[in-house]
Amino acid sequence: MPPLDETGRCERRRAAEFERAYADALVEGESAAAEAVIREAIEAGLEEALIDDHVIRPALQLVGDLWAEGDLTIAEEHLATAISLRVLMLQREAFRVARRRASHRILLAGAQGELHVVGLHMAGSLILHAGYDVRLFGADLPIDEISSAVEIHRPAVVGFTTASAQTAANLPAAIDAVRRLAPEAGVMVGGLGVDDAWSAVLDVVVCHHVGDAVQHVDALVQRAAHN
């Protein structure tokens, strides 16, 4: 086996930290804590095989050793095994969803003239960490540039933000530009300038809270897959 580079060594150190936390959760019989450790490991960017080999497996070996030495009862050892089987199923599903999301590109931008894009960056970060391929164009994307951006990046979902009535007035034309090039793409809009009526009138998803962005993108991607 070739020697690890610095990235590999760093990942192994992180895995060792998660392994200790996961082993503690198993020994205590804390299912929720064990699941939280694995979720954190996934969010930290550890690969599935690394979590299997350097977090879950050594923790289970420790549990087996403690049972053999009489420090854990057979019931506690069985509980640790049951927790790990559930965690493995949850992990497999998490990576399956991440792989599916990675195949979809999400384009995010401020409406033409819109300079307030902190919320857009927050949403972009959440969507990126959920596994999607995010292309963040930032503030003030001119309507004339939208067609080119859509043609080059071929997004599954396009998200716009607007904080005022002035920039909101530019969104219908922006949405039309998206639909001309990618009629199958979902469109999401957010910000203080959004009119709730657009949901029906423009056939877009209105996102009122940054924390809902991933859920809305998931729904739009699934809807496109069924069309």
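Leaving aside residues up to four places away in sequence, D218 touches R100, R101 and Y132. The residue lies in helix α10, and in this predicted model D218 counts as buried because its relative accessibility, 14%, falls under the 20% cut-off. A word on confidence belongs here, as α10 (residues 213-226) is the element where confidence is lowest, at a mean of 86. Strand β3 (residues 157-161) stands at the other end, with the highest value, 97. Across the protein, the mean pLDDT is 91, and 95% of the residues reach 70 or more.

The helix pairs come next. Two packed helices are described by the angle between their axes and the distance between the axes. For helix α3 and helix α4 (residues 74-102), the angle is about 175 degrees and the axes are 10 Å apart. An angle over 145 degrees counts as roughly antiparallel, and α3 and α4 are therefore roughly antiparallel to each other. On the α3 side, the contact is made by E48, I51, D52, I56, L60, V63 and W67. Helix α4 contributes I74, E77, A80, T81, S84, V87, L88, Q91, R92, F95 and R99. By class, the residues of this contact divide into ten nonpolar, three polar and five charged.

Helix α3 (residues 48-68) also packs with helix α2 (residues 31-43). Here the axes come within 12 Å and cross at roughly 145 degrees, and the crossing is right-handed. I38, A41 and I42 of α2 meet I51, V55 and I56 of α3. The residues of the contact of α2 with α3 comprise six nonpolar, no polar and no charged.

The crossing of α6 past α8 is right-handed. Helix α6 brings I143, I146, S147, V150 and E151 to the contact, while A173, A174, A177, V178, R180 and L181 come from α8. Eight nonpolar, one polar and two charged residues make up this contact.

D140 sits in the loop between β2 (133-136) and α6, and its relative accessibility of 33% makes it partly exposed.

G113, found in the loop between β1 (105-110) and α5 (118-129), is in contact with D140 and T167, leaving aside its neighbours within four places in sequence. G113 is partly exposed, with a relative accessible area of 42%. From G113 to A44, 69 residues apart along the chain, the C-alpha atoms are separated by 36 Å.

E47 lies in the loop between α2 and α3 and is exposed, with a relative accessible area of 55%. From E47 to D140, the C-alpha to C-alpha distance is 37 Å, for 93 residues in sequence. Within helix α3 itself, D65 is partly exposed, at 44% relative accessibility. D65 and L192 are 127 residues apart along the chain, and their C-alpha atoms are separated by 58 Å.

Terms used. Residues are numbered from 1 along each chain as its sequence is written. This is a predicted model: local features need pLDDT of at least 70, side-chain atom pairs count only at pLDDT 80 or more; totals for chains, interfaces and linings use all residues. Side-chain values use heavy atoms; hydrogens and water are left out. pLDDT is the predictor's confidence in each residue, from 0 to 100. Helices (H or I, at least four residues) and strands (E, at least two) are DSSP runs, numbered from the N terminus. A crossing is left-handed if the near helix is turned anticlockwise from the far one by less than a right angle, and right-handed if clockwise. Contact means heavy atoms within 4.5 Å. Ala, Val, Leu, Ile, Met, Phe, Trp, Tyr, Cys and Pro count as nonpolar, Asp, Glu, Lys and Arg as charged, and the others, Gly among them, as polar. Buried means under 20% relative accessible area, exposed over 50%, partly exposed in between (1.4 Å probe, protein chains only). Axes are lines fitted to C-alpha atoms, for helices over the stretch in contact, and angles run from 0 to 180 degrees between N-to-C directions. Angles under 35 degrees count as roughly parallel, over 145 as roughly antiparallel, 65 to 115 as roughly perpendicular and the rest as oblique.
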